[in-house]
Amino acid sequence: MPVIITPASSTHADAVLDFEMQNRAYFEQWVHSRTDAYYQPARVRASLHAAETEREQDKSFQYLIWTTASDTIPAQLIGRINLTNIVRPHYNKATLGYRMAQHATGKGQASAAVQLIMQEAFGPLKLWRLEAVVRPSNIGSTKVLEKNGFHVFGKSRRSVELHGEWHDLLHFERCAE
């Protein structure tokens, strides 16, 4: 199914909360567990409002990934994709991060969303460089990045602790053409 990305907005709070709740156990395989407070409606709205403010301040750009099945079926939130740690001037770079609903993995939708975010980053946002960090065991994300022209430029050994174990990280980069 085709995907679109839209800037994250506090008007999306209900959809985001539902997305996060439905995928909580799946996400916690890859990131640290979040407290129950993270999943409260007021907290989600506040987080999305903060995202809007950071967008206006050119600090980060958070987007939502939606499927667009047809004109008669409403779009469904299937992921989030972000450009954070914006560094300007001279570098014009950002860190790319994303997460997909468990049911949406392996269908090419993450790759399509990364392609869309690159168009936004290297176009209207005038960024020159994107970086991403992935655990080597996350083969799906590695493939998504490689499919979109990212290359490994380094590996940090035992650099992140998750669930009591230390993990290596692969560092990817992609520059505008």
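A: This is a predicted model. Begin with one aromatic cluster, formed by Phe19, Tyr26 and Phe27.

Q: How many aromatic pairs does the structure hold?
A: There are three. One of them joins Phe19 and Phe27, whose ring centres are 5.5 Å apart.

Q: Why is the pair of Phe19 and Phe27 tilted?
A: Planes under 30 degrees apart count as stacked and those over 60 as edge-to-face, with the rest tilted. The planes of Phe19 and Phe27 stand at 55 degrees, so this pair is tilted. Tyr26 and Phe27 have ring centres 5.9 Å apart and planes at 50 degrees, so that pair is tilted as well.

Q: Is Tyr26 buried or exposed?
A: Buried means under 20% relative accessible area. Tyr26 has 17%, so it is buried. Phe27, at 5%, counts as buried too, and Phe19 is also buried.

Q: Which rings have an arginine over the face?
A: Arg34 lies over the face of Tyr38, 4.5 Å from the ring centre. Arg129 lies over the face of Phe153, at 5.2 Å from the ring centre.

Q: How many residues of strand E2 are buried?
A: Strand E2 spans residues 61-67, and seven of its seven residues are buried. Both faces are covered: Phe61, Tyr63, Ile65 and Thr67 lie on one side, and Gln62, Leu64 and Trp66 on the other.

Q: Which strands does E2 pair with?
A: Strand E1 (residues 3-7) runs antiparallel to E2 and is joined to E2 by five bridges; Thr6 has Leu64 as its bridge partner in E2. Strand E3 (residues 76-87) pairs with E2 in the antiparallel sense over seven bridges, and Ile65 has Gly79 as its bridge partner in E3.

Terms used. Residues numbered from 1 in each chain as written. Predicted model: local features only at pLDDT ≥ 70, side-chain atom pairs only at ≥ 80, totals over all residues. Heavy atoms only, no water. Phe/Tyr/Trp six-rings, centres within 6.5 Å; stacked < 30°, edge-to-face > 60°. Buried < 20%, exposed > 50% of the residue type's maximum accessible area, 1.4 Å probe, protein only. Lys NZ or Arg CZ within 6 Å of the ring centre and 35° of its normal. Helix = DSSP H or I, 4+ residues; strand = E, 2+ residues; numbered from the N terminus. Pairing = 2+ DSSP bridges.
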